Amino acid sequence: MSTLLENFREPAPSPLLLLGQGRDLSSERGVECPGDLPAPSDPDLVERARAARAALGEKAFVLGHHYQRDEVIDFADVTGDSFKLAREAAARPEAEYIVFCGVHFMAESADILTSDAQQVVLPDLAAGCSMADMAEIGQVEEAWAVLQDLGVAGDTIPVTYMNSSAAIKAFTGRHGGTVCTSSNAEVALRWAFDQVGGTRGVEGTGKVLFLPDQHLGRNTAVQKLGLSLDDCVVFDPRKPDGGLTAQELADARMILWRGHCSVHGRFSEQNVTDIRAQVPDVNVLVHPECRHEVVTAADYVGSTEYIIKMLDAAEPGSSWAVGTELNLVRRVAREHPDLQVHYLDKTVCFCSTMNRIDLPHLVWAMESLVAGRMVNRIVVDADDAHWARVALDQMLALPGS
């Protein structure tokens, strides 16, 4: 039977974070949605959602990220990770409206990849990404200037994780780099080192500036490419020269941006130790955005899609402790009653920004479109869109993409 750990407790509900109403200037995107949202307690809300979705028909295509709430996933035409969803949107040119139930950078990617005739809608503009917002374009440009001043920029190529703003993807494209996902980070890094290392590739002297998640960059470089932790340095944009000496930057192979996922960064090595003590023969399965010591202690490491596939193929009766966002863990646990599925941390953490997309916001966005009102449209600057597309196309050209 599918179970969760005892002492499992959910965070206290927050009307601001979960419903996205009002402003929070300390949040990633302190914005308000115009118009009036349906009350979350409205007993007719599900019927209103069904009616609005039916009225939109094929004019709309609703995308639901894996970390979304079930009430939102129920109305998604397709579910998946961020890049899969953006590509799905681009493959539906007949859909006039792309309603992206995810976060801001995902909607930007959809706008970049879809045609000019399609309009991308984010039901709540406050649905940002704490990781993506840890790398602002001004900071990254200043960091590149530091590398230029120290004479290492010529030997450095940027690689940005999909979880980044369009402006950061565009920066990467302008400087000859590529985008990567958690699934193809190894291939992307090998390609990048080939660009700056000649025939020596990873064994050369070239460098990668990896944005914005230090953990994915470090874990991939060390576990997949065979680099050492000493080859990795962390560039802190809040410190002069990133808090690094000229020698440290000269010696580094991986220059990691000081960014992380607020959900995956919560998991600790102690969580792994505790679950192994409580659950005999447990398989520990975590996302590569987790800290290096967590990834090292785990049995299996992979992207969201990898986690889903691993549990789909798991031996009936086996036990699993999963280190990723709670909505996904709950969903796969329900889908696999023949497995024992545990959440890796006893104090759980939703992706609070992803959870800002809720059924009231989705209903409001769809009913607005039915009424002929465009709301919360995401539009990427044309120049940024061009260069971001260059970086995305480079990723698509990587082996196996």
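User: Which residues does histidine 215 touch, not counting residues up to four places away in sequence?
Analyst: Histidine 215 touches His260, Pro288, Glu289, Cys290 and Arg291 once residues up to four places away in sequence are not counted, where contact means heavy atoms within 4.5 Å. This is a predicted model, in which local features need pLDDT of at least 70 and side-chain atom pairs count only at pLDDT 80 or more, while totals for chains, interfaces and linings use all residues. Residues are numbered from 1 along each chain as its sequence is written, and side-chain values use heavy atoms, with hydrogens and water left out.

User: And where is histidine 215, and is it buried or exposed?
Analyst: Histidine 215 is in helix α9, residues 214-223; helices (H or I, at least four residues) and strands (E, at least two) are DSSP runs, numbered from the N terminus. Histidine 215 counts as buried because its relative accessibility is 10%, and buried means under 20% relative accessible area, exposed over 50% and partly exposed in between, with a 1.4 Å probe and protein chains only.

User: Where does UniProt place the "binding site" feature that includes Cys261?
Analyst: The unreviewed UniProt entry places that feature at Cys129, Cys261 and Cys351; UniProt positions are given in the numbering used here, feature names are shortened, and annotations may be inferred rather than shown by experiment.

User: Changing topic, what is the strand order in the open sheet of four strands?
Analyst: The order is β11-β10-β12-β13, with parallel pairing, and two strands pair if DSSP finds at least two bridges between them. Because β11 (300-301) and β13 (340-343) stand at the edges with a single partner strand each, one side of each is left without a neighbour in the sheet. Strand β10 (residues 283-286) is joined to the parallel β11 by two bridges, and valine 286 stands opposite valine 301 in β11.

User: Which strands does helix α14 touch?
Analyst: Helix α14 (residues 326-335) packs on the sheet and touches β12 and β13, its direction making about 170° with that of β13; axes are lines fitted to C-alpha atoms, for helices over the stretch in contact, and angles run from 0 to 180 degrees between N-to-C directions.

User: At what angle do α4 and α5 pack?
Analyst: Helix α4 (residues 82-90) and helix α5 (residues 104-113) pack at about 35°, with their axes 8 Å apart. The contact is made by Ser82, Phe83, Ala86, Arg87 and Ala90 of α4 together with Phe105, Met106, Ser109, Ala110 and Leu113 of α5.

User: Is serine 82 buried or exposed?
Analyst: Serine 82 is buried, with a relative accessible area of 11%, and its place is in helix α4. Leaving aside neighbours within four places in sequence, serine 82 is in contact with His65, Phe100, Phe105, Met106, Met162 and Asn163.
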